[in-house]
Amino acid sequence: MTPTNKQCAGELASATTTSPLSTCSSATPRSASLATAVQVGSTADTGRRAAGAYLAQAIRMTGWRTRSLAATTPPIGRVRLRWLSLVLLAATVSTAATAAPASVGATAVVAAIPMTDVVAWGCEQSNFGQCDVPVDLSDVTAVAAGGYHSMALKGDGTVVAWGDNSAAETNVPAGLTGVRAIAAHYHSLALKGDGSVVAWGLNSYGQTNVPADLSDVTAIAAGWFHSLALKRDGTVIAWGGSEVGAQSPPAGLSGVIAIDAGSDHNLALKSDGTVVAWGFGYPVPMGLNGVTAIAVGGGHSLALKMDGTVVAWGDNSYGQATVPPGLNGVVATSAGAWHSLALKSDGTVVAWGSHYVNSGLASAPAGLRGVRAIAAGFGFNLALVALGSGRSVSLSGAGAYAQARHSPDLNLAGDWTVEAWFKDEDPSGFNHEYVTLLNKGDREANPEAPFFISLGYKRLVAGLRSNWTDQVVSYDLWAAGVDPQAWHHLAVSFASSTRTLTVYLGGAQVARGRLGSLSKSNALPVEIGRNGAVSGKYFRGKLDDVRIWNVARQGTDIAATYRAQLDGSRPGLIANWRFDEGGGTFAADSSGNQHEATLYGGATFSIDVHP
Ligand SMILES: [Ca+2]
């Protein structure tokens, strides 16, 4: 049932501009002891937060990024990498060294700014860890999706692999460098810059027995049980393979510019735009030409034509060879066992076909964009996403939130501005019960809150809480025709001398009012996505780039800076959670003030970010 406007709605009353709302916000003030019942984390959590804060400060001070560490450190595992980064930071930042407890390295320290470039999905029905992209992974230039494992090629020519290792397919050979291309199925292939090929993993049919005299290779492909190499002279070499001839390219095959391999069949793209197939598979459609790229799956094949359309043929038992009507603008394709992927020129991905029910294989994750490359595995997918696309924090509306511990500088008794990108994902749009986007404190349990933003009953409500009374300005989103399913940027500024509160949406002023009194603030955490432990009011949706300032920002300043991320500290910026981590449960404070937030209740980082 969809709620309608109400005068009182549990958390707030109908919020006419500037009206105090004492009669509706909390019928009975709670005892002070309840206010202390918020989750403040264990001693271990505190230690981890301290370490995270230390890292954030160290990185801010040096301008140093974990990215540079990753580029010079072999893939030795997440915990050790983080420990190493801590050691290096301690060695380079003497002023912060004393802040790092000696025991910190033994715990899983989350680096402050790492970002993964790789998005994985579709593992629900076939999960061997191949979708668990390493949190520290960065500087990725190519991805390969195998049977049950994943590989990433980094800009420094090294390879990272994760997922199933039952055939040692993720055991990247020690010292492997200079790689310029990778391929995977149940085994792994790496093409080095010198034209040689390295193979490891399942060798049931000799698929990792690279011919001793193989050289001058320009491209590689991994079939299910065999391997292909394209040589500079346009010929193709095959090895491994079961008994059906996948390992035997047609006699005289030449002029090849691209190859791909599937279960037992292969395709070669020739320089004249035609395609040659061999092995156990379906023949190439008559008259196919104008092809610029090819992809081979379990039993089906894809050809990308010069006009950006896709031709599919072969096994269509799960719709994998049925190209979505009207698909165009395609720049790359990839084929899994029973599904297909297409990358469009706008950076979005289209998927179709799947024998795994409800696996998500046949669609792209919500918000996936900025994609530069795709790879379809046996039953999962990888996408290489452009750096800078970032992440948001995704909240379920059922107990998920983020929280930063109390700090005196977050008690904004004077001027302040709070900002956030938000995307409401309640199915009723904005017309739901009140939920809280941001609040310092727990308004049902505590008489004071220096700032808060709530959303419900079609409107935004922002203000402060003073002596058990909410002082707010509201803005009717519904009446203004604001799209309830889109990302929006909200900023609220408060000038304490005049008690004037101004609301900005998308950088433009939409509401202003004078509040009745000031808040004495509190000693409670900052709650992101809920009102508090007692009050609840969990937001369902996504939040990004949450900022807290101790100044009343002007509209021109807000409009100029709300789209771009701020890089580091700024005058008046007290906290800034960008939620770009990509994994784990810690959100760095990029303001440099060490207000790291922790994700609780299943809150996750999402690739769905604001435009
Ligand atoms: Ca972000």
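Figure 1. Three residues lie between strand 14 and strand 15, and the two strands form a hairpin. Strands of a sheet pair through backbone hydrogen bonds, in either a parallel or an antiparallel manner.

**Figure 2. The hairpin of strand 17 and strand 18.** Strand 17 covers residues 330–335 and strand 18 covers residues 340–344; the two run antiparallel and are joined by five bridges. Ala335 stands opposite Ser340 of strand 18. The hairpin that joins strand 17 to strand 18 passes through four residues.

Figure 3. Strand 1 runs antiparallel to strand 21 (residues 381–385), and four bridges join the two. Within this pairing, Val118 has Leu384 of strand 21 as its bridge partner. In a regular strand, side chains alternate between the two faces of the sheet.

**Figure 4. Val118 and the largest nonpolar core.** The largest nonpolar core has 84 residues, of which Val118, Val143, Ile182 and Val349 touch the most other members. A second, separate core consists of 65 residues, including Ala404, Val461, Leu501 and Ile548. With residues up to four places away in sequence not counted, Val118 touches Val133, Leu137, Val140, Val143, Ala152, Leu382 and Leu384. Leu384, one of these residues, is also the bridge partner of Val118 in strand 21.

Figure 5. The order of the strands is 28-27-26-25-32-23-36-35, with antiparallel pairing. Strand 28 (469–476) and strand 35 (586–587) are the edge strands, each pairing on one side only. Strand 23 (residues 401–404) pairs with strand 32 (residues 526–528) in the antiparallel sense, over three bridges. In this pairing, Ile528 of strand 32 is the bridge partner of Ala402.

**Figure 6. Two residues with positive phi, Asp139 and Tyr457.** Asp139 is not a glycine, yet its phi is positive, at about 55°. Asp139 is placed in the loop between strand 1 and strand 2 (140–145). Tyr457 is likewise not a glycine and has a positive phi, of about 50°. The loop that holds Tyr457 lies between strand 26 (449–456) and strand 27 (459–466). Which of the two is buried, and which is partly exposed? A residue counts as buried if 20 or more other C-beta atoms lie within 10 Å of its own, and as exposed if there are 12 or fewer. Asp139 has 17 other C-beta atoms within 10 Å and is therefore partly exposed. Tyr457 has 26 other C-beta atoms within 10 Å and is therefore buried.

**Figure 7. The surroundings of Ala552.** Ala552 lies in the loop between strand 33 (540–549) and helix 7 (555–561). Because 21 other C-beta atoms lie within 10 Å, Ala552 is buried. Apart from neighbours within four places in sequence, Ala552 is in contact with Asp415, Trp416, Thr417, Ser493, Phe494 and Ala495. Among these residues is Ser493, which is 59 residues from Ala552 in sequence but 5.0 Å from Ala552 in space, C-alpha to C-alpha.

**Figure 8. The chain as a whole and the confidence of the prediction.** The secondary structure of the chain comprises seven helices and 37 strands. The chain has 611 residues, of which 54% count as buried. Of the contacts in the chain between residues at least 6 apart in sequence, 57% join residues at least 24 apart. The pLDDT of the chain averages 82, and 80% of the residues score at least 70. Over residues 1–115 the pLDDT is below 50, and this stretch has 195 contacts in the model beyond near neighbours in sequence. Where pLDDT is low, the predicted coordinates should not be read in detail.

Notes: Residues numbered from 1 in each chain as written. Pairing = 2+ DSSP bridges. Core = buried A, V, L, I, M, F, W, Y, C linked by C-beta atoms within 7 Å. Contact = placed C-beta atoms within 7 Å. pLDDT = per-residue confidence, 0-100.
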